[in-house]
Structures are given as structure tokens and as C-alpha cells.
Amino acid sequence: MTTLCYTIINNLMAGLALHDIEARIPCFYHLSDASFENTEETIDVVIQCRDADVSFVKEMLAPFV
């Protein structure tokens, strides 16, 4: 397992991307104070996933970093 830590934009699209990641690969994630309303604030995300899925997670979250 690999642990990835990101600070991402706190908006609805980021929330949908995280739900898509969770639905498509086996992983665990933790969010700090996320409401996913359209704001310009950021949230911290910690994702644990298989080594083989790291590139998928990076690709999915790239627009929000």
C-alpha cells in the first residue's frame, strides 16, 4: 500500500472525483473538514491505495491540486 497526501480545491467536482476513485479501486481516504460546496478553500486528503493504482489516483486528482 502507498499513502498519498494532497491539498486539493474544496469543490463538488473534487468530491465526485474522490467518490469515483473509491468506487473504481480498493482504497481508503481521509478528508479534513470537507463540505464540497463551491468554495476556493482547500482541504487535505490522505489516500491509501495499491502501488499499481497510484498513477490512476494522481491522474484523477491532478485537476484539483
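Helices here are DSSP runs of H or I, at least four residues, numbered from the N terminus. Keep that in mind as you click around this predicted model.

**Stop 1: the core.** Start by selecting I8, I21, I25, I47, C49, V57 and L61. These have the most contacts inside the largest nonpolar core, which has 19 residues. Now colour by element: strand 1 (2-9), helix 1 (12-24), strand 3 (42-49) and helix 2 (54-61) each give two or more residues to this core. Which element gives the largest share? That's helix 2, with 5 residues.

**Stop 2: V57.** Zoom in on V57 and show what surrounds it. Skipping residues up to four places away in sequence, V57 touches L4, I21, I25, I47 and C49.

**Stop 3: D53.** Next, pick D53, in the loop between strand 3 and helix 2. Is D53 buried or exposed? Its relative accessibility is 9%, so it counts as buried, the cut-off being under 20%. Beyond its neighbours within four places in sequence, D53 is in contact with I25 and P26.

Stop 4: Select A14, which lies in helix 1. A14 is buried, because its relative accessible area is 0%. Then draw a C-alpha to C-alpha distance from A14 to A62: they are 48 residues apart in sequence and 9.9 Å apart in space.

Finally, go to M13, also in helix 1.

Notes. Residues numbered from 1 in each chain as written. Predicted model: local features only at pLDDT ≥ 70, side-chain atom pairs only at ≥ 80, totals over all residues. Heavy atoms only, no water. Core = buried A, V, L, I, M, F, W, Y, C linked by side-chain atoms within 4.5 Å. Buried < 20%, exposed > 50% of the residue type's maximum accessible area, 1.4 Å probe, protein only. Contact = heavy atoms within 4.5 Å.
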